[in-house]
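Here is a brisk report on one strand pairing and one group of aromatic rings. The sequence and structure come first.

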Amino acid sequence: MNGLKLAIIIVIVLAVGQITDWTVADHFALAILVLLVAAAIWTRLSLRGVSAVRTSGTDRAQVGQTLRETLAVRNAGRLRKLWVEVLDRSSLPGHDPGRVVTVPGRAAVEWDTRTVCVRRGRYHLGPISLRSGDPPGIFNSHLEFPETPEVIVYPAVVDLREAIIPEGALSGGNALERRTPHVTSNVAGVREYASGDPFNRIAWAPTARLNRLMVKEFDLDPTADIWIVLDLQEGVHHPAARPINWVADERGDWPAEAWLDSTEEYAVTLAASIARRFLQEGRNVGLIASGAHLETILSERSDRQLVKILESLAVIRADGQWPLAELLVAEGRRLGRHDSLFVITPSLDERWVSALMDIAYRGIRVSAVLIEPETFGVTASSLLTVSALTAARVPVHLVKYGEPIARAFSPLASHVARGHYG
């Protein structure tokens, strides 16, 4: 029942009272009118002095992690608010901290919410709407708080410390005579300490001998750059046709694969995992991803490189129009002879295998990570593609839906050709 309906009832009762000369009808209409006025006043005061505040501990999270935030409804007035409904319109999947609370006068009610991040992407927390009214629910009052803090959910990352390292990624040869701000195994010399130099670079023996602070300078390691090509062409990626009932470990942690339900999510997770693996070893890592817009992150090994890669992978989608074969032909020109290339794809088009072979003939070490689409419920088989890669002596790691990703990089599961081009 709302105010309009009650107003109509009042008119009808008054009309009946006038026609029948029934005084009870007049008293009843007056009682309803008093109720309407009281409800309107109550509703007008129901959200006066009320505010909502949200506090989030971070604006970054990762698939599988728990996002924690605190919501508070504060009442600056003296009157108790019998009921206040909190409506949260956040875009983060599964995030619904709304509830109905009673707020005493000049007090606050707050509660913590925990949401497991199940999907990578950029999301908004909020806006928040407050709704209240009179006890019978005749009238409603609304209050909007439009603030929408942003949270970015990074893709899941799998530990690949036991993965096989391609030969082209290993250090070797003479040091490159180029100064680098990073610590390497090649000490080029020493110089006087300058403001801002880290203390771990102080050369103590020259410092003691010269009686002034001296720091080491380093040459760049002859380490090959690692390039990751992520195939995100629209049409080659598929959702999984069946769910996998993963179970948590003894600590209650879920495997990263528990949140992956498509070849797209597997591909992004693989790119993030391989990038972290080599960045942790101090190697230069670059990313090329063929989404709607070609995403290229130049190879670096700075502390922020992994963050840059994860932020890019958090929002990129499999909506590209560029076939993998054409992408390899176009972007393969930027690769140097000592570089290593990882191609991540579920594509069964053998033309990209030929393009990858052309890159390998130039002395670039190549590896393929093939996400087998048939394990996701697709009828096509990857047998011919795997055979073509094996015949070309291209190392290939086969990733299957429902199996741990790290298993594809173990010595027993990997199809690794011992020979190489060069």
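Strand 19 (residues 396–399) is covered on both faces. Val396 and Leu398 are buried on one side, His397 and Val399 on the other. Buried means under 20% relative accessible area, exposed over 50%, partly exposed in between (1.4 Å probe, protein chains only). Strands (E, at least two residues) and helices (H or I, at least four) are DSSP runs, numbered from the N terminus.

Strand 18 (residues 365–371) pairs with strand 19 in the parallel sense, over four bridges. Pairing requires that DSSP finds at least two bridges between the strands. Isoleucine 371 stands opposite valine 399 of strand 19.

## Model basis

This is a predicted model: local features need pLDDT of at least 70, side-chain atom pairs count only at pLDDT 80 or more, and totals for chains, interfaces and linings use all residues. Residues are numbered from 1 along each chain as its sequence is written, and side-chain values use heavy atoms, with hydrogens and water left out.

## Aromatic pairs

There are five aromatic pairs, counted where ring centres of Phe, Tyr or Trp (its six-membered ring) lie within 6.5 Å; planes under 30 degrees apart are stacked, over 60 edge-to-face, the rest tilted. Tyrosine 266 and phenylalanine 376 are edge-to-face, because their centres are 5.3 Å apart and their planes at 90 degrees. This pair links distant parts of the chain, 110 residues apart: tyrosine 266 is in helix 4 (residues 263–280), phenylalanine 376 in the loop between strand 18 and helix 8.

Tyrosine 266 is buried at 0% relative accessibility. Phenylalanine 376 is buried too, at 2%. Ring pairs link Tyr266, Phe376 and Tyr401 into a cluster.
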